Amino acid sequence: MLCVSNRACIRALSAKSFQASRTRNIIAVLAIALTTILFTTLFTVGLSINEAFQQSNFRQAGGYSHGGFKYLTEEQYLDLRDDPLIEACGVRRLAGMGTGDTLRKNHVEVCWADAQDAHWMWLDPIQGRLPREGTNEAAADLELLHLLGVQPELGKTFTMPMEVEGQSIERTFTLCGWWEKDPIVTANMVLISESEVDAILHDTGVVLPARDKLIGSWHLDVMLSGPYHIQEELNTILASHGYQSQDPSQAESYIDIGVNWGYTAAQFSAKADPMTILTVAGLLLLIMFTGYLIIYNVFQISVVNDIRFYGLLKTIGTTGRQIKSILRRQALTLCLFGIPLGCVVGWLIGAKLSPFIMSRMNGMVLDTISTSTWIFVGSTLFALMTVLLSCARPARMAAKVSPVEAVRYTEGGHSGKKQKKGSKSFSILRMAAANLGRSKGKTFVTILSLTLAVVLLQMTAVFTGGFDMDKYLADKAVSDFILADAAYFHNNVQSWSMGGSVLEPRIIQSVRDHGGITDGGLVYGQTAQVVEYAPEDWVRHAMAQWGNPEENINANLAHVSRTEDGRVMDRVLTYGMEPYVLDRLTVYEGDLSKLKEPGSRAAAAVYSYDDYGEIEPDSHWAKVGDTVTLRYVSEWELYDLETGETYQSAEEAGQRPYNTRPLVYRDETFTVAAVVTVPNTLSYRFYGSDQFVMGPTPSWR
């Protein structure tokens with residue numbers, strides 16, 4: 001057998017044929033560019049909008065690190081920070097919280113953060129710098145400085161009132177830098193040196209680990225390989241160092257983790273279901289199919305026009321495989337011109353469309369246009385795949401045609417039907433109809449491609465106009481405004497929960513009298529100490545969730561008041577809610593109708609939910625139908641744990657071991673009618689206690 005190398009010949013044939021069809025080439029390049037423009041524009045708009053949502057989420061979350069490890073000891077921090085799965089890391093330590101009348105509505109953190117963590121939280125000074133170690137320097141945001149009455153001048157001293165584990169102190173710092181506070185970020189920050197954190201803890205007598213495990217502990221924020229499987233990677237890092245985040249009762253190995261819910265990729269991977277995946281895949285296939293039809297038409301017409309040329313190639317011995325190769329080479333050559341042109345034009349169109357689309361989405365603001373390389377890589381791959389698929393069928397047609405068929409070929413073929421002679425008059429419309437009828441397949445493909453282009457335009461318009469800000473904010477806002485004492489808007493509302501910041505009825509009435517309110521309802525906060533009697537297993541589980549070792553749990557429960565059936569006393573938070581507010585709760589089981597009845601003895605058990613709005617089934621012990629006894633305590637007494645002797649005050653007890661127990665109280669019994677979650681804007685925003693919701697007018701009031 002004689003083998004002949006004909007690759008050079010095929011390349012030459014492909015090049016000559018390409019050069020001979022300049023008009024076809026221009027049309028094909030435009031078709032490829034148009035398809036690439038479609039992909040690039042959609043990817044640019046999609047990623048830009050996604051980036052806008054992410055940035056908004058990041059600011060609400062307080063930073064854009066992928067995740068982190070919470071409440072670490074120094075040994076744990078040093079052990080974890082060098083793990084190979086961590087691309088970058090930052091660390092911070094909390095010294096205390098800002099207090100005082102001027103800061104009642106503000107959540108103020110006084111902490112140390114290294115330069116990396118400060119950058120991830122947008123705490124880069126616009127003037128000055130971060131504090132130096134071994135000094136009392138501090139950097140803060142301009143909003144906080146204004147509240148404190150401090151002029152932003154480098155070297156100026158100011159006094160910061162703060163609370164450290166229940167102790168109110170004042171600390172004087174020297175201002176070394178400041179930044180503008182982002183209005184979306186919830187917390188005001190004062191950054192100090194790590195040595196100053198240690199000095200504050202020493203001066204207030206805080207011994208690590210502190211009772212409030214936030215104080216003084218190390219918080220390690222990390223960047224991983226990507227935002228797709230954050231929780232899994234964090235757990236992998238822990239496991240490689242002998243730790244875990246699943247069982248808080250194993251205190252020695254337990255480390256709490258946090259996943260930045262702001263990353264849409266993390267949300268998608270956590271919440272992706274078959275229907276969501278099929279929807280995204282279907283949309284991409286529709287876009288690709290639309291581009292396929294456009295390019296397919298161009299190559300189909302080109303092959304039909306050149307069918308005799310391919311037939312002649314067959315007569316000189318060219319194989320079908322070689323003819324396919326010629327067409328593929330020409331298609332790839334056209335891509336070299338069409339795809340880059342489409343990418344550039346598509347990105348420019350996307351950059352103009354994105355702000356317009358965002359402006360239609362009820363006030364969402366687009367800060368930057370995405371320039372992600374994935375826009376161009378994705379558009380190029382999709383366009384290239386579309387071109388290769390589009391030329392596949394015309395290439396098979398050209399490869400299969402025989403020389404005789406090629407010479408005799410006419411588009412539309414011969415129907416075999418006897419042609420009737422007629423005397424119908426000539427018209428342009430009849431000629432157009434006859435021309436469309438010559439190739440019904442090509443006509444159908446052309447109409448379908450035009451139809452799908454309109455469908456895509458319609459889908460874009462529906463998506464743009466269909467964004468509902470009210471639905472987007474449904475889990476963040478429950479009404480147009482909330483009227484409350486200033487202390488309620490602080491992140492920590494324990495003082496509000498004990499009636500320390502009551503909104504006077506005259507203020508509520510004056511707002512109602514002003515007019516313009518179409519609907520609303522009151523939330524009644526807890527005004528007395530309330531305890532429950534819960535199953536011991538549940539109380540142990542709840543205490544273990546906060547990192548308490550087994551010996552501490554046993555010691556705490558050894559002297560707790562119990563019922564005859566073994567239930568133990570534990571603190572609880574309660575709400576009273578009017579019907580308007582009850583309707584804003586998410587009900588997972590049961591119903592709230594009984595709570596709306598006057599004098600009802602029904603209650604709803606409040607469960608927690610995660611960053612993605614999913615209920616946490618192990619966050620409460622009470623189920624629908626359970627009976628709950630709540631003890632409303634108006635007076636407590638101190639008693640000696642060894643002798644039972646009572647004391648009038650903690651000073652009288654001195655160093656002797658003592659505990660507290662209810663002295664004057666009343667018991668009220670309720671039946672759990674529903675399992676609910678309470679939106680953050682209506683809740684105490686305080687964790688560690690079971691919570692129950694009652695109606696506005698219980699019978700015992």
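## Basis of the model

Residues are numbered from 1 along each chain as its sequence is written, and side-chain values use heavy atoms, leaving out hydrogens and water. Because the model is predicted, local features need pLDDT of at least 70 and side-chain atom pairs count only at pLDDT 80 or more, while totals for chains, interfaces and linings use all residues.

## Overall make-up

The protein chain has 22 helices and 19 strands. Both are DSSP runs, numbered from the N terminus: helices are H or I with at least four residues, strands are E with at least two. Of the 701 residues in the chain, 43% are buried. Buried means under 20% relative accessible area, exposed means over 50%, and partly exposed lies in between (1.4 Å probe, protein chains only).

The accessible surface of the chain comes to about 37,700 Å². Carbon and sulfur atoms hold 56% of that surface. Accessible areas come from the Shrake-Rupley method with a 1.4 Å probe; for residues, only the protein chains shown count as cover. Among contacts in the chain with a separation of 6 or more, 79% link residues 24 or more positions apart. A contact means heavy atoms within 4.5 Å.

Two packed helices are described by the angle between their axes and the distance between the axes. Here the axes are lines fitted to C-alpha atoms, for helices over the stretch in contact, and angles run from 0 to 180 degrees between N-to-C directions.

Helix H2 (residues 22–61) packs on helix H12 (residues 373–400) at an angle of about 145°, with the axes 9 Å apart. The crossing of H2 and H12 is right-handed. A crossing is right-handed if the near helix is turned clockwise from the far one by less than a right angle, and left-handed if anticlockwise. On the H2 side, the contact includes Ile-32, Phe-39, Phe-43 and Leu-47. On the H12 side, Ile-375, Phe-382, Ala-383 and Val-387 are among the residues that take part. The contact of H2 with H12 divides into eight nonpolar, seven polar and no charged residues. Ala, Val, Leu, Ile, Met, Phe, Trp, Tyr, Cys and Pro count as nonpolar; Asp, Glu, Lys and Arg count as charged; the others, Gly among them, count as polar.

H2 also crosses H11, at roughly 35°, and their axes come within 5 Å. That crossing is right-handed. The contact of H2 with H11 has 22 nonpolar, twelve polar and one charged residue.

## Buried sites

Ile-323 is found in helix H11 (residues 320–359). Ile-323 counts as buried because its relative accessibility is 0%. Leaving out residues up to four places away in sequence, Ile-323 touches Tyr-310, Lys-314, Thr-318, Ala-398 and Ala-399. Ala-398 is 75 residues from Ile-323 along the chain, yet their C-alpha atoms are separated by 7.1 Å.

Ala-603 is in strand S15 (residues 602–606). At a relative accessible area of 2%, Ala-603 is buried. Its contacts beyond four places in sequence include Leu-595, Phe-670, Val-672, Val-693 and Met-694.

Helix H19 (residues 536–544) buries Trp-538, Val-539, Ala-542, Met-543 and Ala-544. Their cover includes strand S12 (529–534), helix H20 (550–557), strand S13 (568–577) and strand S19 (690–694). In helix H7 (residues 230–240), the buried residues are Ile-230, Glu-233, Leu-234, Asn-235, Ile-237 and Leu-238.

## Cysteines

The structure holds zero disulfides (pairs of cysteine sulfur atoms within 2.5 Å). Cys-111 counts as buried at 1% relative accessibility. Cys-176 counts as buried at 6%.

## Backbone exceptions

Most residues other than glycine have a negative phi, and most peptide bonds are trans. Tyr-71, not a glycine, has a positive phi of about 55°. Tyr-71 is found in strand S1 (residues 67–72) and is partly exposed at 24% relative accessibility. Trp-122 has a positive phi near 60°. Trp-122 sits in the loop between helix H4 (115–120) and strand S4 (127–128), and is partly exposed at 23%.

A cis peptide bond joins Leu-208 and Pro-209, with omega about 0°. Pro-209 lies in the loop between helix H6 (194–203) and strand S9 (218–223). Gly-242, which follows H7, has a positive phi near 85°.
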